[in-house]
Structure formats: C-alpha cells, structure tokens
Amino acid sequence: MNNKHGHIPRRKPGLMLHLIGAIVLSVTAGGLAQAESLPKEAVLPLALAQKAAAAGLAKCEEGGYKVSIAIADRGGNLKVLLRGDGAGPHTTDSSFRKAYTAASLRRSTLHLAELITKVPGIQALRDMNDKILILGGGLPIELEGEVVGGIGVGGAPGGHLDEACAAAGLASLGKPQ
C-alpha cells in the first residue's frame, strides 16, 4: 500500500520484534518442558577417570607388573589410556577391550569368564562384537548408583592380578571391590 506520496509506509519494528519474541519464547518453553522430562545420567568426569587409572597403574607397578590401564565411559568410548613403562604392545588393546566389556555388560570380566565356563550356553557373549574381551581384569565403574564406565587392566601374569589392579583404581574413587 502506498501513501499519498507514493511511498510504502514502514512498520514500527517494535511490534514485529514482540511477535518474534513471543514465538521464540513459546517454542523455547515447550522445548524446556520436554528437556526436563529427558532421563538424566551420571557421567564419569575425566579427573576421576585419570585418578582411577593412575591408582591402578601404581598398584600393578608395586607388584612389578608392566601393564596398560584403560578407562571407558558408559558408551564404551575410550576416556583414558595409560601404558606403563615396558608394557607389551598388546596390553593397550586388551585393557581397552576389558574396560569396554565391563562397561557394556556391567559385570566383572573375571566373573564373566568364570560364568562362561560354568554355563556353556552363554559362550556366545564372546562374539557379540569385536570389542568384547572376556578375560579377568575389567570392572564396571559405578557412581551414584549408575554404571558410568569400566576400568580394564592388561599385562599382569593372570586375570586375577589384572583385576586386583583395576580394583585398586576403583578404591581410589572410594569404591572398594
């Protein structure tokens, strides 16, 4: 619409901004209500993961074991990996896979290894994916009643010794095994 001078009148920006603001506010409020209904999950902080890995490594070093220690988060993603001096190259992979298995299956990998020998029908657990490793040395990490990850140790001469080092890592978080 043109005015008497042939120009298109300009609208005041205030009204349009108020309308846009009202729309954004209603969409945001709806989104906030939906976000509040989402499940909440505890997260393993990096500082705690590093502390557990360092304590587990120190325990193994006391025993003269050359190991690697891995921490995986609840999704099985690598969070921390420490390879001790002299640890074999295979220990980085085995420690991660044990941490992944403990986080994923929410059980001690030593317990799972023992269970598989007692109940042959569940041996297929070993083949769920290529990251699963059912050998002693992996423990789930639980915080605030939730499994938030796993700790895995590889390289000590026996799964029970790997697990003892993993347990020392958990104990440093106030979670004795």
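Mentor: F96 is buried, at a relative accessible area of 16%, where buried stands for under 20% relative accessible area, exposed for over 50% and partly exposed for the range in between, with a 1.4 Å probe and protein chains only. Y100 is buried too, with a relative accessible area of 11%. The model is a predicted one, so local features need pLDDT of at least 70 and side-chain atom pairs count only at pLDDT 80 or more, while totals for chains, interfaces and linings use all residues. Residues are numbered from 1 along each chain as its sequence is written, and side-chain values use heavy atoms, with hydrogens and water left out.

A pair of aromatic rings is described by the distance of the centres and the angle of the planes. The structure holds one aromatic pair. Its members are F96 and Y100, with ring centres 6.2 Å apart and planes at 50°, so the pair is tilted. The rule takes rings of Phe, Tyr and Trp (for Trp, the six-membered ring) and pairs them if their centres lie within 6.5 Å; planes under 30 degrees apart are stacked, over 60 edge-to-face, and the rest tilted. F96 and Y100 are four residues apart in helix α3, and therefore separated by about one helical turn. Helices here are DSSP runs of H or I with at least four residues, strands are runs of E with at least two, and both are numbered from the N terminus.

Helix α3 covers 90–105, and R106 lies in the loop between α3 and α4 (109–118). Phi of R106 is near 55°, which is positive in a residue other than glycine. R106 is partly exposed, with a relative accessible area of 46%. A positive phi in a residue other than glycine is also found at E144, where the value is near 50°. E144 sits in the loop between β3 (138–143) and β4 (146–154), and E144 is exposed, at a relative accessible area of 73%.

There is also a covalent link to consider. With a disulfide taken as a pair of cysteine sulfur atoms within 2.5 Å, the count is one. C60 and C165 form this disulfide, with their sulfur atoms 2.0 Å apart. The torsion about the S-S bond of C60 and C165 is about 115°, so the disulfide is right-handed. The pair joins distant parts of the chain, 105 residues apart: C60 is in helix α2 (residues 46–62) and C165 in helix α5 (residues 159–171). C60 is buried at 0% relative accessibility, and C165 is buried with a relative accessible area of 2%.
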